[in-house]
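Welcome! Please take a moment to look over the structure below, and then we can walk through it together, topic by topic.

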Amino acid sequence: VLLDGNGTGVGGGQGRIVANDSAGVTLGSLGTDTIQFRGSLDASQPNPGEVVLNGSSTLTIAGQLDLTSETQVGGNLSVGGSATATIAGALNCNVTATASHDGGTVTISSTGRLSVGGNLTLQGNGTAATGGRLTVSSTRASPGALSVTGSTTIQSGTACGGLLTITTDALVTFTGTVSINASTQDGVLDVTDATAPGPTLNFDGTVNVHGKWIPSAGRSSVVLRGAGAQTFGGTRTGVSFDALRFECSADRTIDFTNADTIYTVAGEIGSGGTGGTVTITASSGARTFLCQSTVDFDRPIVFSTNTTVEFSLAGAQTIAGSAASGPTFLHVSTSGSGAKTMGLGSTTINGTLTVGAGTTLTIPSGHVFTLARDKGAFPPDQHPVNGEFRVTAGTAVNGVTTVKFGDHQQLVVNSGGSFRTVPFDSYSFVTSRYSLLTRDSVADAYSIHCKTGSTVDVQFAKFEYLYGRSSANETTEAGIESALTISTA
């Protein structure tokens, strides 16, 4: 079915539908064939290919909807008022070889809602600067302002990238792959809401933003969810999140592959869902998650290949949540200031732990903290402590607080750093009110080196299976001097 701005198609030659009836106008199902609204080829006939919905009007398309501009402005869908547009198939805006004027836009405003059952493709000006534009300023609550079941592609123009802009507290859900493409300029995902609580973006598939990711001022939430493997990719740099959440209903992996090496999370970072464990990897190289606020793991989470999690709040942070098992990290570091407390029942680090100057890493009462890497030979892997490594003694209720080391691991307390145990309420070897430092498995042994200028204050602590250190930085096993060393080395 063709509604043509040249007057040759169905619909009187306008290539356009405008529904303004506040009482509600329903454009019923037009069948499963493609519906095309096409703009004029004649520059003197400014008839766009577009659909404009206002008031409480409703558009229902059982098949595919194409909106094209040809030589005039068009290729646009606008859903305003409290209008609803439901398209069972694909939605294509301005996707033609001859599209040469401004178009390729979808705008959802007021409390409007758009649901697309197929792919959403927006093509900007094919011969000039303008890229495809998807703008969401609707405040529609659940089920949200926009949902796309298929893939979403926002193409670039010749001199301008695609643009996804969200300016309210909208709920937006993308089930398929999302690609915001670049040309000579970046593609941009711009979340600029100025009022709480801010928008929530649910991504169930791969995310590719080839350019800039611009968050709002602490009021937007990105949720990476879905049933299977997911990729967070693209060529953008300067990635930051106001809040970042990983969700799963079964075991799955999220791979961060984009061009950035540091992801700043200004608000909460956490995990959730109904089942399984989510694994975070970085297959294309080292990536750091800079956590500047709340940490809340409600599902088991594993940070794996090439990842570092840095707890960097200027103040106290608790790695909290309701997960049955504690988080597993590759590398962990602390920065900023204040105490960073491992608040779940256990923590496993499979790489390097670095305690930054001015920070305290607190192992709470009854916690099991494991530096699990196995070197297997001298020299050992070192875990530098430039701030304070603090172990809180256990209790009769919590059990003994345990710090475990993998094979050939060494905790190095540098000058200015400290290694300290503190009581939860009191000390006793009889009632589990002490700390235990031991090996992770039966073949492991480890060492602790407190250098000149460091502080050591250890009470009611048991040390098992220390192998000591040598006078030559443990390059060989020969010449081991003692189990726990406080030295000038």
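## The protein at a glance

Of the 489 residues in the protein, 53% are buried. Keep in mind that this is a predicted model. The protein has 53 strands and zero helices.

**Overall picture**

- The accessible surface of the protein comes to about 17600 Å², and carbon and sulfur atoms hold 51% of that surface.
- Take the contacts in the protein with a separation of 6 or more: residues 24 or more positions apart account for 70% of them.

**The nonpolar core**

- Nonpolar side chains tend to be buried together in soluble globular proteins.
- Which residues touch the most other members of the largest nonpolar core? They are Phe246 and Phe389, in a core of 87 residues.
- Leaving aside neighbours within four places in sequence, Phe246 is in contact with a list of residues that includes Leu224, Ile254, Phe256, Ile269, Val278 and Ile280.
- Further along the chain, the contacts of Phe246 include Phe289, Ile301 and Phe303.

**Cysteines**

- A disulfide is a covalent bond between the sulfur atoms of two cysteines.
- How many disulfides are counted here? The count comes to zero.
- Cys93 is buried, with a relative accessible area of 0%.
- Cys248 also counts as buried, at 3% relative accessibility.

**Salt bridges**

- Side chains of opposite charge can pair when their charged atoms come close.
- How many salt bridges does the structure hold? It holds nine.
- One of these salt bridges joins Arg225 and Asp204, whose closest N and O atoms are 2.5 Å apart.
- Arg225 lies in the loop between β24 (221–224) and β25 (230–233), while Asp204 lies in the loop between β21 (200–203) and β22 (207–209), so the pair ties together parts that are 21 residues apart in sequence.
- Arg225 is partly exposed, with a relative accessible area of 24%.
- Another salt bridge pairs Asp298 with Arg245, and here the closest N and O atoms are 3.4 Å apart.
- This pair links distant parts of the chain, 53 residues apart: Asp298 sits in the loop between β33 (295–297) and β34, and Arg245 in strand β27 (residues 244–248).
- Asp298 counts as partly exposed, at 24% relative accessibility.
- Arg420 forms a salt bridge with Glu388, with 3.4 Å between the closest N and O atoms.
- Here too the pair links distant parts of the chain, with Arg420 in strand β48 (residues 418–422) and Glu388 in strand β45 (residues 388–392), 32 residues apart.
- Salt bridges that share partners join Arg245, Glu247, Glu268 and Asp298 into one network.

**Backbone features to look for**

- Most residues other than glycine have a negative phi, and most peptide bonds are trans.
- The peptide bond from Phe378 to Pro379 is cis, with omega near -5 degrees.
- You can find Pro379 in the loop between β43 (368–371) and β44 (381–385).
- Ser110 is not a glycine, yet it has a positive phi of about 55 degrees.
- Ser110 lies in the loop between β11 (103–108) and β12 (113–116), and it is partly exposed, with a relative accessible area of 41%.
- Asn306 is not a glycine either, and it has a positive phi of about 65 degrees.
- Look for Asn306 in the loop between β34 (301–303) and β35 (307–311), where it is partly exposed, with a relative accessible area of 31%.

- Ser312 has its place in the loop between β35 and β36 (317–320).
- Ser312 is buried, with a relative accessible area of 15%.
- Thr135 is found in strand β14 (residues 133–136), and at 24% relative accessibility Thr135 counts as partly exposed.
- Thr135 and Thr105 are 30 residues apart in sequence, while their C-alpha atoms are 7.8 Å apart in space.
- Setting aside residues up to four places away in sequence, Thr135 touches Val106, Thr107, Ile108 and Thr165.

Note on methods:
Residues numbered from 1 in each chain as written. Predicted model: local features only at pLDDT ≥ 70, side-chain atom pairs only at ≥ 80, totals over all residues. Heavy atoms only, no water. Helix = DSSP H or I, 4+ residues; strand = E, 2+ residues; numbered from the N terminus. Buried < 20%, exposed > 50% of the residue type's maximum accessible area, 1.4 Å probe, protein only. Contact = heavy atoms within 4.5 Å. Disulfide = S-S within 2.5 Å. Core = buried A, V, L, I, M, F, W, Y, C linked by side-chain atoms within 4.5 Å. Areas by Shrake-Rupley, 256 points an atom, 1.4 Å probe, with all protein chains shown as cover. Salt bridge = Lys/Arg side-chain N within 4 Å of Asp/Glu carboxyl O.
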